[in-house]
Amino acid sequence: MLTAQHPTADEISRRLHTVRFGRVIHVLDVVASTNDVAKQLAEAGAEEGTAVIAREQVAGRGRRDRRWVSPRGGLWASMVLRPPLPAEAWPLLGCALALAACDAIDAATGLRTGVKWPNDVMIRSRKLGGVLVEGTPEFAVGGVGINANIPEGAFDQALAQAATSLQIVTGHPVDLNTLAAGLLGAIERSYAQWQADKTSIVEEWRRRSVVLGQLVRVIGATAFDGVVEGLDETGALLVRTAEGLQVVRAGEVSIRLTEPERPRE
Ligand code: BT5
């Protein structure tokens, strides 16, 4: 179906209920990374809420320059942000964008998605999307990737174990224009909430978190195990260990088995 596979600026605009986000929108076919395009627009003075959506990225990236696989059928979007809060507050902004992605996906599909710290969008223990916030003191770019209409087999073997898509989970494609408009609406709400009431973002994170209360292995500056107690208002993860409460500002977490391993008989 054409509309499901090919987002267009007109079709997204027709479905949009926002005041600012996506009111200026650039829908491109193939780009290296929508974050790079949004950065260039921001440097040229683009207003907050300007959105860049691409049908395919050939150099999509995650945190620390990791590769982000971005074939056609996905929703690859970046927004120009001019946050009134300093860069120390941006990790929670990343969480707010991931929560917005969850809201948009759930509204479009009826699924119940979760978040895995820091910014992964999860369904059934697999990664469905991710968020990358980058920027300068003058502006930030919020990039959101959602594996929407990506068929089984499009991910390479390594990724197939850990990643999934809306199409794989629901068995049918989602309308990318509706999903994109919903995402812009959810981001507008979440971005305002992040500025006005950080506690509400933390509370929403607790409702959606797949790691809260879990025994996890944290891999950051050092590696250790502990139980996730929550998130602070900067977006740092709070992990209880035998040595006390650890405040994790950057890194990865993976869930450990909570059942003690039984010796083989
Ligand atoms: C992320 O990084 O999850 C952030 C992804 C942000 C992508 C958006 S798309 C629009 C904008 N433009 C960009 O260039 N980026 C943003 P991180 O947490 O570092 O996760 C990266 C890891 O996820 C990789 O090392 C892979 O293991 C895995 N991965 C790569 N592509 C994936 C995909 N399509 N779905 C699920 N997992 C993927």
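This report describes the overall build of a predicted protein model and then some of its residues.

## Basis of the model

The model is predicted; local features need pLDDT of at least 70, side-chain atom pairs count only at pLDDT 80 or more, and totals for chains, interfaces and linings use all residues. Residues are numbered from 1 along each chain as its sequence is written, and side-chain values use heavy atoms, with hydrogens and water left out.

## Overall build

The protein contains 8 helices and 12 strands. Both are DSSP runs numbered from the N terminus: helices are H or I with at least four residues, and strands are E with at least two. The C-alpha trace spans about 60 × 45 × 30 Å along its principal axes.

The radius of gyration is 18 Å, which agrees with the value near 18 Å that a compact globule of 265 residues would have. This radius is taken over C-alpha atoms, and the globule rule is 2.2 Å times the number of residues to the power 0.38. Among contacts (heavy atoms within 4.5 Å) with a separation of 6 or more, 65% are between residues 24 or more positions apart.

## Surface and charge

Of the 265 residues, 51% are buried. Buried means under 20% relative accessible area, exposed means over 50%, and partly exposed lies in between, with a 1.4 Å probe and protein chains only. The accessible surface comes to about 12600 Å², and carbon and sulfur atoms account for 51% of this area. Accessible areas come from the Shrake-Rupley method with a 1.4 Å probe; for residues, only the protein chains shown count as cover.

There are 29 positive and 31 negative side chains, and the centres of the two sets are 3 Å apart. Lys and Arg count as positive, Asp and Glu as negative, while His and the chain ends are not counted. Each charge is placed at NZ of Lys, CZ of Arg, CG of Asp or CD of Glu.

Thr8 sits in the loop between helix 1 (2–5) and helix 2. Thr8 is partly exposed because its relative accessible area is 27%. Apart from neighbours within four places in sequence, Thr8 is in contact with Val27, Arg55 and Asn177. From Thr8 to Ile201, 193 residues apart along the chain, the C-alpha distance is 31 Å.

Thr18 belongs to the loop between helix 2 (9–14) and strand 1 (25–31). With a relative accessible area of 7%, Thr18 is buried. The side chain of Thr18 reaches the backbone oxygen of Phe21 at 2.6 Å. Not counting residues up to four places away in sequence, Thr18 touches Arg23, Leu184, Gly185 and Glu188. Thr18 and Arg63 are 45 residues apart in sequence, and their C-alpha atoms are 28 Å apart in space.

## Backbone features in loops

Two residues other than glycine have a positive phi. Asp65, in the loop between strand 2 (51–57) and strand 3 (75–81), has a phi near 60 degrees. Its relative accessible area is 66%, so Asp65 is exposed. Arg124 lies in the loop between strand 5 and strand 6 (126–135), and its phi is about 50 degrees. Arg124 counts as exposed because its relative accessibility is 61%.

A cis peptide bond joins Trp117 and Pro118, with omega at about 5 degrees. Pro118 is located in the loop between strand 4 (114–116) and strand 5 (120–123).

Leu176 is part of helix 7 (residues 176–196). Its relative accessibility is 0%, so Leu176 counts as buried. The C-alpha atoms of Leu176 and Glu88 are separated by 33 Å, and these residues are 88 apart along the chain.

In helix 8 (residues 198–208), the residues Lys198, Ser200, Ile201, Val202, Glu204, Trp205 and Arg208 are buried. The cover over the buried residues of helix 8 includes helix 4 (90–109), strand 4, helix 7, strand 9 (223–231) and strand 10 (237–241). An α-helix has 3.6 residues a turn, so residues three or four places apart point the same way.

Definitions and conventions. A polar contact is a pair of N or O atoms within 3.5 Å; within protein, one must be able to donate a hydrogen and the other to accept it, and residues adjacent in sequence count only if both atoms are side-chain atoms.
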